[in-house]
Amino acid sequence: MKKPTVGLFVTCLVDIMRPSVGFASVKLLEAAGCEVIVPKMQTCCGQPAYNSGDNKNAMAVATTILTAFEGFDYVVAPSGSCTGMIKQHYPDLFKDNPEALIKAQNLSSRTHELISFLVDIMKIDTITAKYDGKITYHDSCSGLRELGIKSQPRKLLNKVDGLEIKIMDDEEACCGFGGVFCVKYPDISNKMVTEKTINIKKNRC
């Protein structure tokens with residue numbers, strides 16, 4: 001049986017701040033039975049420009065992504081916000097360009113957030129992992145609100161031997177990051193992340 005081909009959208013933050021997440025994503029996808037390719041010409045998804053109202057530059061960046069990820073069975077990103085940008089906003093971004101719109105809609109239909117892809121598409125329901133400890137889980141806003149991802153990560157975490165999940169207070173509250181939001185409104189962002197940190201510390205032990 002032919003392995004599904006997956007184009008891994010690494011994301012800017014993973015590339016610059018946490019490359020280990022990219023390598024871990026490749027391992028997870030390969031273990032799930034996928035052939036993983038990381039297109040070299042991929043760039044930012046265009047979300048910062050789009051959220052700032054700069055549709056012209058967002059479209060320029062997105063056009064590169066449309067080309068970079070042609071031909072893959074699936075496109076997977078370890079990020080709810082980047083997935084949400086491609087899946088939810090690309091079609092709207094190109095609504096006045098019929099040719100590009102077809103490509104955007106096609107890419108949208110093939111694009112998935114990593115954990116959602118593993119659970120919903122690859123049907124992963126067993127994990128050979130062990131962790132003796134307690135954790136709490138934070139839902140990303142884009143994953144939860146744009147993509148409806150909530151049960152999938154908990155389903156996998158519940159399969160980890162020895163792991164106990166504790167539900168934090170206000171578990172669906174934003175962490176305060178919000179992309180350009182934290183740059184435009186740093187005081188509000190800092191207050192939100194402080195509250196989120198308090199809830200995380202309170203519920204993890």
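Q: How many salt bridges does a search of the whole structure find?
A: The search finds six. A salt bridge here is a side-chain nitrogen of Lys or Arg within 4 Å of a carboxyl oxygen of Asp or Glu. This is a predicted model, where local features need pLDDT of at least 70, side-chain atom pairs count only at pLDDT 80 or more, and totals for chains, interfaces and linings use all residues. Residues are numbered from 1 along each chain as its sequence is written, and side-chain values use heavy atoms, with hydrogens and water left out.

Q: Which residue forms a salt bridge with Glu70?
A: Lys103 does, and the closest N and O atoms are 3.8 Å apart. Glu70 sits in the loop between H4 and S3 while Lys103 is in helix H6, so the pair ties together parts that are 33 residues apart in sequence. Helices (H or I, at least four residues) and strands (E, at least two) are DSSP runs, numbered from the N terminus.

Q: New topic, the sheet. What is the order of its strands?
A: The order is S2-S1-S3-S4, in an open sheet of four strands with parallel pairing. Two strands pair if DSSP finds at least two bridges between them.

Q: And which strands stand at the edges?
A: Strand S2 (35–37) and strand S4 (111–113) do; each has a single partner strand, so one side of each is left without a neighbour in the sheet. On average, neighbouring strands of this sheet are turned by 35° against each other, direction ignored.

Q: How many bridges join S3 to S4?
A: Three, with strand S3 (residues 74–77) and S4 running parallel. Val75 is opposite Thr111 in S4, and Ala77 is opposite Glu113 in S4. S1 and S3 also pair in the parallel sense, over three bridges. There, Gly7 has Val75 as its bridge partner in S3.

Q: Which strands does H5 touch?
A: Helix H5 (residues 80–93) packs on the sheet and touches S3 and S4, where contact means heavy atoms within 4.5 Å. The direction of H5 makes about 160° with that of S4. Axes are lines fitted to C-alpha atoms, for helices over the stretch in contact, and angles run from 0 to 180 degrees between N-to-C directions.

Q: What about H7, which strands does that one lie across?
A: Helix H7 (residues 114–121) lies across strand S1 (5–8), S3 and S4, and runs at about 105° to S4.

Q: Back to H5. At what angle do H5 and H6 pack?
A: H5 and helix H6 (residues 98–110) pack at about 165°, and their axes are 8 Å apart. The two helices are therefore roughly antiparallel to each other (angles over 145 degrees count as such).

Q: Which residues of H5 meet H6?
A: Ile86, Lys87, Tyr90 and Pro91 do, and their counterparts in H6 include Leu101, Ala104 and Leu107.

Q: At what angle do H4 and H5 pack?
A: Helix H4 (residues 55–68) and H5 pack at about 115°, with axes 11 Å apart. The contact involves Asn55, Ala58, Met59, Ala62, Ile65 and Leu66 of H4, together with Ile86, Tyr90 and Leu93 of H5.

Terms used
Angles under 35 degrees count as roughly parallel, over 145 as roughly antiparallel, 65 to 115 as roughly perpendicular and the rest as oblique.
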